[in-house]
Amino acid sequence: MERILLTVGILAGLLGIASHQPAHADADRAKAELRAIHEADRRAHFHRDVNALVATLPPDFRFVSVRDGKIQTQSADDLRKRFTQYFQGTEFSAWDDLEPPIIQVSPDGQMGWMVVRVKIAYSKTDRAGKKTQEQSVIAWMSAYEKRDGKWFHAANASTFAPEPAGP
């Protein structure tokens, strides 16, 4: 009788462990998917690929951005216009993580968020041909929603490091 109870107990424990592994695996997969979005955003900046940047925005959803003490909602078309202007004459030399992104996913796997801190450096050539160098450190938190198996970027809150004091 004791062997039967011991065997049942061991089997119950193993089943409990097995039932928790898929949730962990799902969370790891979801985090990897969000990390891939971050890496795709980096590539999009170097290639000035506006379409890639707005690819994670659902057409029926308003993107919410928090920046400079303001809340702004934008459509995919609004963001497309903004990034098209931003990329004109721009060539990136850096868009690099200064520390690993922090990524979390809700227990049901339908929401996620990512906190990143990157150094961005680029040159910008204006219409007159004058070239300027820009660089900054930006940290932001992005919120994502999963719909029909695809992650969509729902909101973003950004901060910029103060410019270093000049001589």
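Q: Why is Gly-69 called exposed?
A: In this predicted model, Gly-69 has a relative accessible area of 84%. The label "exposed" needs a value over 50%, so Gly-69 counts as exposed.

Q: Where does Gly-69 lie?
A: Look at the loop between β1 and β2: that's where Gly-69 lies. Gly-69 and Thr-159 are 90 residues apart in sequence, and their C-alpha atoms are 9.9 Å apart in space.

Q: What makes β1 and β7 a pair of strands?
A: Pairing takes at least two bridges. Strand β1 (residues 63-67) and strand β7 (residues 150-160) are joined by 3 bridges, so they pair, and they run parallel.

Q: Which residue takes a positive phi in the hairpin of β6 and β7?
A: That's Asp-148, with a phi near 50°. The hairpin has 2 residues between the strands.

Q: Why is the pair of Phe-83 and Phe-87 called tilted?
A: First, some background: a pair of aromatic rings is described by the distance of the centres and the angle of the planes. A search of the whole structure finds 9 aromatic pairs. For Phe-83 and Phe-87, the ring centres are 5.8 Å apart, and a pair needs centres within 6.5 Å. Their planes are at 45°. Stacked would need under 30 degrees and edge-to-face over 60, so this pair is tilted.

Q: Where do Phe-83 and Phe-87 lie, and how many residues apart are they?
A: Both lie in helix α3, 4 residues apart, which is about one turn of the helix.

Q: Why do Phe-83 and Phe-87 count as buried?
A: Buried means under 20% relative accessible area. Phe-83 comes in at 16%, so it counts as buried. Phe-87 has 4%, so Phe-87 counts as buried too.

Q: What makes the pair of Tyr-86 and Tyr-122 edge-to-face?
A: The centres of these two rings are 5.8 Å apart, and their planes are at 80°. An angle over 60 degrees counts as edge-to-face, so that's the name this pair gets. The pair links distant parts of the chain: Tyr-86 is in helix α3 and Tyr-122 in strand β5, 36 residues apart.

Q: Which residues form one aromatic cluster?
A: The cluster is formed by Phe-46, Phe-83, Tyr-86, Phe-87, Phe-92 and Tyr-122.

Q: How do you know that Arg-82 lies over the face of Phe-83?
A: For a charge over a ring, CZ of Arg must be within 6 Å of the ring centre and within 35 degrees of the ring normal. Arg-82 is 5.0 Å from the ring centre of Phe-83 and lies over its face. Arg-147 lies over the face of Phe-152 as well, at 5.9 Å from the ring centre.

Q: Which residues lie nearest the centre of the largest pocket?
A: They are Arg-67, Arg-82, Phe-83, Asn-156 and Ser-158, out of 31 lining residues. The volume of this pocket is about 840 Å³. Strand β6 gives the most to the lining, with 5 residues. By type, the lining divides into 16 nonpolar, 10 polar and 5 charged residues.

Q: What is the volume of the second largest pocket?
A: About 190 Å³. Of its 13 lining residues, the closest to the centre are Asp-26, Ala-27, Pro-107, Asp-108 and Gly-109. Helix α1 supplies the largest share of this lining, 6 residues.

Technical notes. Residues numbered from 1 in each chain as written. Predicted model: local features only at pLDDT ≥ 70, side-chain atom pairs only at ≥ 80, totals over all residues. Heavy atoms only, no water. 1 Å grid on protein atoms, 1.4 Å probe; cavity = no way out; pocket = protein on both sides within 12 Å on 5 of 7 lines; lining within 4 Å. Points joined across faces, edges and corners; volume = space filled by probe spheres on them. Nonpolar A, V, L, I, M, F, W, Y, C, P; charged D, E, K, R; others polar. Phe/Tyr/Trp six-rings, centres within 6.5 Å; stacked < 30°, edge-to-face > 60°. Buried < 20%, exposed > 50% of the residue type's maximum accessible area, 1.4 Å probe, protein only.
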